[in-house]
Amino acid sequence: MKEIIDFLKDLQRNNNREWFVANKARYVAATHRFNAIVDELIQEIARYDSTVTGLTAKDCTYRIYRDVRFSADKSPYKTHMGAFICRGGKKSGYSGYYFHIGTGGEGYPYAHMLAAGDYCFDPKVLQVLREDIVGGGGDFDAIVKEAHPTFELDREGALKRNPKGFEQETLYTDYLRLKAFCLVHTPSDEFICADNLPQRAAILFKSAQPFLNYINRAIEYVKDEM
């Protein structure tokens, strides 16, 4: 793991094409190592979540090249390596388990991250989720609290008021105002570099599986209605 982190930190300090080309062999080695970890993590998750069975790192990982067309930051390369492990692969539209190794900083993309859920939802999915939360009699609250305590709900961008059509004062106001339904854990270098990372990460992800199932039920409902 250290070789991946060292490469990404050096890339952060030298985020330009000339340096990247000169260090292409390091990038290839780091990518192979990361993909091997992702493949093993998929296998571990598949032990309890059959929807990811058969996926490979290729189905779940992202290119290191940044899309700078609409960004003030023109740095050509990401300084993290990430994988989104979900039913049907990263482009399926379903929520999943996200894992990345990075270089740090305040806010996303953090140094390292484990997450369950997603950040961007179709408005119809958000409506179904909110209706389920109101009508569920506290089941969503219980599911959130089932997750390992290192996970926290991402409340960034939450609404100031309850969405239209929902009472302004309810037991579940904090959940109704969410725009992202995502549980996030930002582990330390020590966690990432210790032995058996895929197995340990999969144990944490397992605690978030009921949360993920709840979200994907809403996504599946909307897909079926289309």
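Colleague: What percentage of the 226 residues of the protein count as buried?

Modeller: Of the 226 residues, 47% count as buried, a term for residues with under 20% relative accessible area, using a 1.4 Å probe and protein chains only. Please keep in mind that this is a predicted model, where local features need pLDDT of at least 70, side-chain atom pairs count only at pLDDT 80 or more, and totals for chains, interfaces and linings use all residues. Residues are numbered from 1 along each chain as its sequence is written, and side-chain values use heavy atoms, leaving out hydrogens and water.

Colleague: Why does the radius of gyration of the protein agree with a compact globule?

Modeller: With 226 residues, a compact globule would have a radius near 17 Å, and the protein has 19 Å, which agrees. The radius is taken over C-alpha atoms, and the globule rule is 2.2 Å times the number of residues to the power 0.38.

Colleague: Where is Asn-15 found?

Modeller: Asn-15 sits in the loop between helix 1 (2-13) and helix 2 (17-22). Helices are DSSP runs of H or I with at least four residues, numbered from the N terminus.

Colleague: And which residues is Asn-15 in contact with, leaving aside neighbours within four places in sequence?

Modeller: Those are Ser-75, Pro-76, Tyr-77 and Thr-79; contact means heavy atoms within 4.5 Å.

Colleague: What does the side chain of Asn-15 reach at 2.9 Å?

Modeller: The backbone oxygen of Tyr-77.

Methods
Helix = DSSP H or I, 4+ residues; strand = E, 2+ residues; numbered from the N terminus. Polar contact = N/O pair within 3.5 Å; in protein donor to acceptor, adjacent residues only side chain to side chain. Buried < 20%, exposed > 50% of the residue type's maximum accessible area, 1.4 Å probe, protein only.
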